[in-house]
Structure formats: structure tokens, C-alpha cells
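Look at the sequence and the model below. The text that follows goes through the pockets and then the annotated positions.

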Amino acid sequence: MQHIDPQTLYFMRHRRSHPPRTLLAPGPDRHELMNLLTLAARVPDHGKLGPWRFVVLERAALDRLAPALADHVAAAGGDAAAVEKARSAFDSPLIVAVVSSPVDHPKVPEWEQFLSAGAVCLSLLNAALAAGYGAAWLSGPATDPAFATAHLGLSPRERVAGLVHIGRRGPADVPERPRPDVDERTSFL
């Protein structure tokens, strides 16, 4: 018999990311975060390679990294607005960098392993939202390989698949945004 989970379907239809500027402290404690990471790790993973890992950026690390990211953007030629945006990119209570960490494998190409890391990002986002937190999955200059290698401890082969910002939801509801027209983007063969 087919199992239908209306609560999950409702959640998926109504889920919304929460912009980092709306997130409040505190984020999840380490115990709660480890539960969210455990849920996030339940993703498609051809070959059971686990081709990803987590780098948790707590408040002290975020405060230390914010000026380094602003300097990185300035050194890359960013204008004053881009530098200021970079300086505020770490204002969230907690950020989890999901790192694609590919494994050499004769049957599982690297691009497929990167998709598994992307699935971890979405699963972590959804786990945080389902647990009552506000969350958003972003990229930006902190995912630049040069910055991530120097400041987040990535090896040259690794890449940041996403930065998942997590915190308490602010007092205002996040407005709905326009969604893609699925009919226009779907074809049947």
C-alpha cells in the first residue's frame, strides 16, 4: 500500500527560506545541530562515498572571518558596496559550510558527488526549517575556492557547495516570493 505523508507534502509546498538578515540568536546548540546534521546526511549518495563534510562556523569564527572576507572581496576588486556586503555576510547566528569533498571512484563521477553535497545543503535547510528555525542556503564570496581554502580549511580539491545560515526566526513572516511556472519548464516524452 502506498504511504502518503500529508504533513511533509504541506511542509514542502509552504517552506520558505529566511533571509540571513532576519535571523536572530541563538541558533541551535551543538546537540540540536548534530541532530540536524544527522538528518541532512540522509541523501542520495551513489557508492556510499560520503563525498562531503561540514564546517560549522560559530559566532567567534564568524566574527573573525567577517573582516577577512571583506579584505578578500576588496583585493578581488570589489567596490565599497560589495566589500560592505561581504563584511555583513557572516551576521547570522550560525553558518554551516557544506563542503564537497570528492572521492576517487571508477564508477561515480565527481559531478555526481557534488550533487550529493548539494542535496545535503537542501536537506540541512529543510531540517532546520522543520525544527522551527529560520534558515537559508547561500553561496557568495565566502565560497570562492581561494577564500575557502585559506580560511575554512578546505583542501585544493574541495569546494563549498553552500553556506546554510541558521538562527531563530525573526518576528515578521517571510513574504512569499514568485515561484517558477512548472508547466512552462516541463516537457513529457
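Which element gives the most to the lining of the largest pocket? The answer is α4, with three residues. This is a predicted model, in which local features need pLDDT of at least 70 and side-chain atom pairs count only at pLDDT 80 or more, while totals for chains, interfaces and linings use all residues. Residues are numbered from 1 along each chain as its sequence is written, and side-chain values use heavy atoms, with hydrogens and water left out.

The largest pocket holds about 450 Å³ of space. A pocket here is an open set of points on a 1 Å grid over the protein atoms alone, where a 1.4 Å probe fits and protein lies on both sides within 12 Å along at least five of seven lines; lining residues have an atom within 4 Å of a point. A volume is the space filled by probe spheres set on the points, which are joined across faces, edges and corners. Of the 21 lining residues, Pro20, Lys85, Ala89, Leu138 and His165 are the closest to the centre of this pocket. Two or more lining residues come from each of α4 (80–87), β3 (134–138) and β4 (159–167). Helices (H or I, at least four residues) and strands (E, at least two) are DSSP runs, numbered from the N terminus. The lining has 11 nonpolar, seven polar and three charged residues. Ala, Val, Leu, Ile, Met, Phe, Trp, Tyr, Cys and Pro count as nonpolar, Asp, Glu, Lys and Arg as charged, and the others, Gly among them, as polar.

The second largest pocket holds about 280 Å³. Its lining includes Tyr10, His14, Arg16 and Leu129, and helix α1 (residues 6–14) gives the largest share, three residues.

An unreviewed UniProt entry places the feature "binding site" at Arg15, Arg16, Ser17, Arg42, His46, Trp137, Leu138 and Ser139. Such annotations may be inferred rather than shown by experiment. These positions spread over 125 residues of sequence and, in space, up to 28.5 Å between C-alpha atoms. Among them, Ser17, Leu138 and Ser139 belong to the lining of the largest pocket.

Leu138 lies in strand β3. Is Leu138 buried, partly exposed or exposed? Its relative accessible area is 35%, so Leu138 is partly exposed (buried means under 20%, exposed over 50%, partly exposed in between, with a 1.4 Å probe and protein chains only). Leaving out residues up to four places away in sequence, Leu138 touches Pro20, Gly162, Leu163 and His165 (contact means heavy atoms within 4.5 Å).
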